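This report covers one model, chain by chain and at the place where chains meet. The structure is shown first, and the description follows.

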Amino acid sequence: MKYKSILIGLCAILLSLSVVSIGTSAGISDTQAVSAVTQFLEKENLIVMDISEYQINSDSYHAIVTEDGEFWVNSENSKVELAIFIPNMNDNSDVTIPMDEAIEISEGYLAQYYTDLPVEDLKLTESYLEQHGDAGSEYTFVWREIVDGVITPNYAIVGLNPNTGNIIGYIGIYRTLTIQIDSNPTITKDDAIDIAQEAINGVSISSVSTELKIVIDQNGEQKEIWEVCIDGTSEKPSMSFVSVITGETFPVYDPVRYIVKLDVDTGKTLHVLRVW
Amino acid sequence: MEKKKKNGVQSRTIRVLLLCICLLLSISIPVGATQYDPPRASNYDFDYPYGPDSTPCASDAADHQDEALYDGRSYTNSAAIPAWEKMADDAIFSFVGHGDNGVISFWDGDESGYILADYYVNYSYPTDTSDYKYLSNYSTELSDLLHAAYISCNSANESSEVGNLTSYSYQKGVDTTLGFLTNIGAAQACDFSWKYWYNLAIYNWTVSTSADSAKYYAAVYNGGQFEGIQNYVIVGNPQLTIKPARYGS
C-alpha cells in the first residue's frame, strides 16, 4: 500500500512536470510551420531557404524564408500572420490601378486569408499610395477592428502593387478579447488630454488626438488604455541657418510627437513615448 | 653662350610644361580614397539629450554587416566631422537618428553637429556649432560608397537652403541611397534598421525588397503603426545587393 502511494505520487509528479514542459515550450515545430506556409501559398514542394524565430511581446513566430518571400507563422495558432512576397516588388513603377479598385482587391484578399473576422467588421483606417523613388510605388491599407469606439488589438494590413494588383505584403493579427470593453471609462477624454499634456514639456502643441485602445503587454495580458497623441514642435529651435546671400536667419524647430498611455480607471500615466 | 641660353630656355619650358601637367593631373585625378579589406561599413546612432535615442541600431547593423564579410563598425554619439571624414573611405554608411530636409543631426555628448547636403543651393550655414560639413565640401566624389542609408526624418526631402541629402549623395557617386519622405517614429526606425540590414546581409535581398520587408517588420513590432516608416525612398539601383562585400563603383 505504501509502495503504491509512492508510485502514484511519482506518477503525479512526472505528469505535472510534463504538463509544465508542454506549457513552457508550447508551439509548433519547424515542420508544422513550413506546412502552414505550404497551405497558405497553396504550393507544393516549397523550397525553404531559412527558418528563424522571433519574439514580439508575448507572441513567438517561425519566420520561413522561401523563394517566394518571407512568411511568419504564429507558433501558438499556426497562422501565417505576416507575408512578404519578393517577386511582386517588380513592375511597380506605374500606377495603373485606382485606389478604390486596389482597396477592393485587398478586401478580397482579406476575405480569403484573414478569416477570423469578416471584412465588414473591420474599418479601413489608413490608406497610402507610397512613392519609393527608384523602387516604384506601393499601395498600403490598414484595417482595424473598432468595437463601441474602442480599438482592439485586431488589425490587418495589405500592400499592393499599383500596376499589377499583386499582393506585396500582408499582416493579419487576431487575438480573442479576454477583457470587457468599456467605452465610457472613469477617466474621460478631457481628463486624459489634461493628464497627458502635463506629462510632457518643451513642446509648442499644435494638435492632440485620443484613442481608447485595448493593448496586450509582454505577459499576454490585455488592458484598456487611453492613448493620447500630442503633435507640435520644439519650443526652442534645434538649429539655425544663416544665409550668406541674404543674411537672413532661419531657425529650425523640430517636429515633435508624443504618445502618452494612461490607465482608463485611475488616469495613471503608464508610458510617455517621444515618437520623433 | 647662345646655345647655353637656348638650353636654359628649353629646360625652363620643360619645367613649366611638367608643372602644368602635374597641375592638370592633380585636378583631373581625384585624390584616391582608401579602400580597406574587408570593406568598411560605418554605422551611427545616438543617445540624444532631448530624446528619443536610437541605440543600439548601429551595433546591430554592424553585426549583420560583419556576417556579410564587411568590417562593420558602430559609433554611438559621434561628432559630425569625423563621420564625414570617414565617409569617403566607407563602403557602407548608415545613420539612425534625427534629421530634417537636407540634414542629419549628430550629437557627440556635448554639442550638436550636422552633415548637410549642398551649400551651393543657397549658401547657408548652421550658427549653433562648428561641427558641420556639407557633402559638397568633398572635392572628390563619394563613388566608393556602395550604399548610404539615412534612417531619419525627411532625409529624402529637398531643402531650399541645403538641398536633398539622398539625391545629392547619389549625384556625388554613392551607388544607391535610402531616405525617408516624412517624419518617422524612433521605435519604427530602429526596427526598420535591424531588419533592413538583416535582409541585406543574411538573405542577400535587394535594397528594394529589404526595405519593404523592413517596413512590415517595423509595423508588426509596433501594433500595426507605421509612423512614417512606409515612406522610404530609394535613389539609384533598387536591385542592388550588398553581397559580396565590396566598395561602390
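How many salt bridges does the rule find across the interface of chain B and chain A? In this predicted model, the count across that interface is four salt bridges. One salt bridge joins the side chains of B:Lys215 and A:Glu138, with an N to O distance of 2.9 Å. Polar contacts across the interface of chain B and chain A link 24 residue pairs, both residues being at pLDDT 80 or more.

On the side of chain B that touches chain A, the elements giving two or more residues are strands E6 (112-116), E7 (124-126) and E11 (232-236) together with helices H5 (186-203) and H6 (207-221), all of chain B. H6(B) provides the largest share of that side, ten residues. Sorted by class, the side of chain B that touches chain A holds 28 nonpolar, 18 polar and seven charged residues.

The size of an interface is often given as the accessible area lost when the parts come together. For chain B and chain A, the buried area is about 4200 Å², and carbon and sulfur atoms give 58% of this area. The residues taking part are tabulated here by chain.

| Chain | Residues in the contact |
|---|---|
| Chain B | 53 residues |
| Chain A | 52 residues |

Strand pairing also crosses between the chains. Strand E11 (residues 239-243) of chain A pairs with E7(B) in the antiparallel sense, over three bridges. Within E7(B), B:Pro126 is the residue that stands opposite A:Phe241.

A:Asp263 belongs to strand E13 (residues 255-263) of chain A. Is A:Asp263 buried or exposed? A:Asp263 has a relative accessibility of 10% and therefore counts as buried, the limit for buried being under 20%. A polar atom of the A:Asp263 side chain lies 2.7 Å from the backbone nitrogen of A:Asp265. With neighbours within four places in sequence left aside, A:Asp263 is in contact with A:Ile187, A:Lys223, A:Lys268 and A:Leu270.

Chain B as a whole has six helices and eleven strands. Its 249 residues include 60% that count as buried. Of the contacts in chain B between residues at least 6 apart in sequence, 72% join residues at least 24 apart.

Notes: Residues are numbered from 1 along each chain as its sequence is written. Chains are lettered from A and ligands numbered from 1 in the order in which they are written. This is a predicted model: local features need pLDDT of at least 70, side-chain atom pairs count only at pLDDT 80 or more; totals for chains, interfaces and linings use all residues. Side-chain values use heavy atoms; hydrogens and water are left out. Contact means heavy atoms within 4.5 Å. Buried area is the accessible area (1.4 Å probe) that two parts lose on being put together, summed over both. A polar contact is a pair of N or O atoms within 3.5 Å; within protein, one must be able to donate a hydrogen and the other to accept it, and residues adjacent in sequence count only if both atoms are side-chain atoms. Helices (H or I, at least four residues) and strands (E, at least two) are DSSP runs, numbered from the N terminus. Ala, Val, Leu, Ile, Met, Phe, Trp, Tyr, Cys and Pro count as nonpolar, Asp, Glu, Lys and Arg as charged, and the others, Gly among them, as polar. Two strands pair if DSSP finds at least two bridges between them. Buried means under 20% relative accessible area, exposed over 50%, partly exposed in between (1.4 Å probe, protein chains only).
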